[in-house]
Amino acid sequence: MNQPAVNPPQAPQALGPRAVWALVITGVAGFMAALDNLVVTTALPSIREDLGGALEDLEWTVNAYTLTFAVLLMTGAALGDRFGRRKLFLVGLAVFTASSAAAALAPGIDALIAARAVQGVGAAIMMPLTLTLLTAAVPAERRGAALGIFGALTGLAVASGPLIGGTLTEHLSWQWIFWLNVPIGLALLPLARLRLQESHAPDARLDIPGTLLISGGLFGVVYALVNANADGWTSATVLTGLFAGAALLVAFVLHGIRRPDAMLPMRLFKNPAFSGINAASLLMFLGMFGSIFLLSQFLQSVAGYSPTEAGLRMLPWTGMPLLVAPLAGILSDRIGGRPVVVAGLALQALGLAWFAVILAPDVSYGAQLPALILSGIGMGLYFAPAASLVMSSVRPAEQGIASGANNALREVGGALGIAILGAVFAAQGGYESPRTFADGTVPALWLGAGIVALGALSAFLIPSRRPPVPTGPRDTEEEREAVAV
């Protein structure tokens with residue numbers, strides 16, 4: 001009997017010029033947007049010395065960006081689907097660049113807060129479209145590797161924000177935190193116009209009720225979270241924001257169930273891959289953001305390092321994604337994203353637990369090093385496959401809003417992590433002495449480790465083999481061409 005011929009496996013297609021340019025442009029833009037989440041934290045004393053302002057005003061230089069960024073992410077993705085993803089990416093990049101210059105030139109604390117809020121608007125328009133534009137430009141068989149590099153840059157930006165902010169402030173001035181974005185943004189604008197291809201989601205319409213519900217709901221929840229530790233969890237402002245925001249989010253979910261053309265159809269969450277990776281992303285950022293926020297302060301307030309010295313000692317954690325994430329992307333192309341994400345979150349949880357075990361006022365840097373390395377490897381393993389799982393779990397026309405939803409959940413997770421772990425820290429310790437700081441940080445880190453471990457469990461429940469993306473009458477030739485490579 002003749003055996004059927006078996007075609008030898010083809011070598012993965014190399015990245016062409018279009019894909020390389022898309023990776024460079026979206027990677028740098030994503031780095032800037034992610035960097036500005038925490039880059040201001042180590043510059044707050046210098047900002048207060050120059051511009052004045054109460055403690056609450058200084059907190060808002062961080063929170064104003066987080067608030068508008070988180071609230072408008074899904075709206076930015078929906079606008080890109082409707083009016084053109086490259087066009088809206090350029091709009092977001094221009095707004096981000098101009099507001100960065102305005103922040104650097106701010107004459108007072110109120111002007112700085114306003115500029116930071118506008119910066120968040122630009123980032124919210126730009127950030128979800130980076131993944132959509134990159135996914136459209138890269139061949140499917142090389143997508144994991146490309147998203148690995150993108151994930152490395154994003155993870156490095158989030159984690160190294162305090163180091164970059166501290167270094168610029170210490171050796172130049174706090175204004176350079178924002179001036180840094182201006183020449184990069186001005187260089188990216190013509191490159192994006194010339195090198196990125198335009199695409200739309202077929203038959204995309206603006207969902208005005210859904211936009212208002214999700215924007216209002218996220219505003220209420222995030223506003224309450226960023227004020228919870230300052231005003232108290234039982235204050236009228238915080239409770240109103242939480243309950244009103246939650247009510248609007250419930251209405252948004254019902255809206256997504258009832259309307260098949262909603263901006264975020266709830267049927268997407270019936271896909272175990274989509275719901276699992278989004279739950280894992282929320283929990284990962286909740287545990288990671290809150291832990292980095294406290295540990296970077298521990299190195300300065302307890303160990304006595306300068307902002308630059310503290311940032312350098314965090315490099316085994318914060319710099320590791322740059323090395324690990326590209327390898328994780330290649331690995332996910334070969335064995336699938338689920339095992340890589342699970343391993344990454346498990347190592348991140350183990351690293352935080354290690355910190356909780358050894359942390360003390362007199363702990364040596366050598367004792368911290370294994371925890372830093374484990375956390376860094378875990379972060380690097382998570383970012384690339386997570387992005388690939390999000391984008392591959394939906395139809396091409398839904399990738400923009402899927403990216404926006406995932407980024408919004410990450411930002412909400414980050415705000416929630418700082419608020420919850422900060423509340424645990426305040427309840428168990430404080431800033432009075434190195435001992436009280438350690439006493440507050442240890443239980444917060446245990447909580448962060450447990451939350452990230454739950455994220456690993458959520459990722460473990462993702463199907464091991466990616467199910468075929470559902471097809472239907474909306475999957476038209478135009479839709480396939482929108483992401484053709």
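Trainee: Leaving aside neighbours within four places in sequence, which residues is W317 in contact with?
Mentor: W317 is in contact with M288, S291, I292, L295, Q348, L352, F355, L372, S375, G376 and M379. Contact means heavy atoms within 4.5 Å. The model is predicted: local features need pLDDT of at least 70, side-chain atom pairs count only at pLDDT 80 or more, and totals for chains, interfaces and linings use all residues. Residues are numbered from 1 along each chain as its sequence is written, and side-chain values use heavy atoms, with hydrogens and water left out.

Trainee: What makes a set of residues a nonpolar core, and which residues have the most contacts inside the largest one?
Mentor: A nonpolar core is a set of buried Ala, Val, Leu, Ile, Met, Phe, Trp, Tyr and Cys residues joined through side-chain atoms within 4.5 Å. Buried means under 20% relative accessible area, exposed over 50%, and partly exposed in between, with a 1.4 Å probe and protein chains only. The largest core has 131 residues, and those with the most contacts inside it are M74, F89, L112, W317 and L345. Helix α11 (residues 272-301) gives the most to this core, with 15 residues. Another core, of five residues, lies apart from it and includes M320, V324, A328 and L381.

Trainee: How many helices and strands does the chain have, and how are they assigned?
Mentor: The chain has 19 helices and zero strands. Helices (H or I, at least four residues) and strands (E, at least two) are DSSP runs, numbered from the N terminus.

Trainee: Why is the span of helix α8 said to agree with expectation?
Mentor: The expected span is 1.5 Å times one less than the number of residues. Helix α8 (residues 181-195) has 15 residues and should therefore span 21 Å; its end C-alpha atoms are 20 Å apart, which agrees. Its buried residues are N181, V182, G185, L188 and A192, and their cover includes α1 (17-35), α4 (85-104), α5 (109-137) and α7 (176-179).

Trainee: Why is N181 called buried?
Mentor: Its relative accessibility is 1%, so N181 counts as buried. Not counting residues up to four places away in sequence, N181 touches M32, D36, F96, T97, S100 and Q119.

Trainee: Why is the pair of F269 and F274 called edge-to-face?
Mentor: Rings of Phe, Tyr and Trp (its six-membered ring) pair if their centres lie within 6.5 Å; planes under 30 degrees apart count as stacked, over 60 as edge-to-face and the rest as tilted. By this rule the count comes to five aromatic pairs. The ring centres of F269 and F274 are 5.0 Å apart and the planes stand at 70°, so this pair is edge-to-face. F269 is partly exposed, at 30% relative accessible area, whereas F274 is buried, at 0%.

Trainee: What makes the pair of F298 and F437 tilted?
Mentor: The centres are 6.3 Å apart with 45° between the planes, and F298 and F437 are thus a tilted pair. F298 lies in helix α11 and F437 in helix α18 (residues 434-460), so the pair ties together parts that are 139 residues apart in sequence. Ring pairs link F298, F425 and F437 into a cluster.

Trainee: How do you know that the charged end of R338 sits over the ring of F460?
Mentor: The rule requires NZ of Lys or CZ of Arg within 6 Å of the ring centre and within 35 degrees of the ring normal. The charged end of R338 sits over the ring of F460, 4.9 Å from its centre.
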